[in-house]
Amino acid sequence: MACSEPLRFVTNSPRETQALAARLGEKLKGGEVLAFTGGMGMGKTAFTRGLMEGLGGGGEVSSPTFAIVNEYQGRLTVDHFDMYRISGWEDLYSTGFFDYLEDPGRVLVIEWSENIEGALPEDAVRIHIAPGEGETQRVITLQGWKGEL
């Protein structure tokens, strides 16, 4: 899935962030690993909510901070990880993360992926969300996505 040039988007509200993510969700085939970076409150969970919209999933999408992983059903199964509290390989193994990687019918969405950088597959799509000029503006960069949005 490697692509040399990152795709860059600017959104002006959580709703626009979700709409961008919904477009990405519509194109997912299964087996993708989406690795998020960005500070607290940048919209990683809002992006995941949009992915689920694009995958035809209903229901609540929430940050899996304390559960470590939440599972959502749509056209594909999405496993939404929060690696904020993961501090080493032993912690990572205890989440079952590597078992999830082996199922090509799933999409893995990983918040705080920088905490497990060494465990991410080479073809992971890296999604960085940064603040923009206004309070709700976000600059979203996708590295490794092959295709249009």
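**Exercise 1. Work out what share of the chain's contacts with a separation of 6 or more comes from residues 24 or more positions apart.**

Step 1: Take contact as heavy atoms within 4.5 Å. Step 2: Residues 24 or more positions apart then supply 62% of the chain's contacts with a separation of 6 or more.

A quick note on ground rules: this is a predicted model, where local features need pLDDT of at least 70, side-chain atom pairs count only at pLDDT 80 or more, and totals for chains, interfaces and linings use all residues. Residues are numbered from 1 along each chain as its sequence is written, and side-chain values use heavy atoms, with hydrogens and water left out.

**Exercise 2. Pick apart the largest nonpolar core and find what I127 touches.**

Step 1: A core is a set of buried Ala, Val, Leu, Ile, Met, Phe, Trp, Tyr and Cys residues joined through side-chain atoms within 4.5 Å. Buried means under 20% relative accessible area, exposed over 50%, partly exposed in between (1.4 Å probe, protein chains only). Step 2: The largest core has 24 residues, and L24, L28, L34, F47, L51 and I127 have the most contacts inside it. Step 3: Elements giving it two or more residues include α1 (14–27), β2 (33–37) and β6 (125–131). Step 4: Leaving out residues up to four places away in sequence, the partners of I127 include L24, L34, F47 and I140.

**Exercise 3. Is N115 buried or partly exposed, and where does it sit?**

Step 1: N115 is in the loop between β5 and β6. Step 2: Its relative accessibility is 35%, so N115 counts as partly exposed. Step 3: Not counting residues up to four places away in sequence, N115 touches M83, Y84 and I86. Step 4: From N115 to N70 is 45 residues in sequence and 18 Å in space, C-alpha to C-alpha.

Conventions:
Helices (H or I, at least four residues) and strands (E, at least two) are DSSP runs, numbered from the N terminus.
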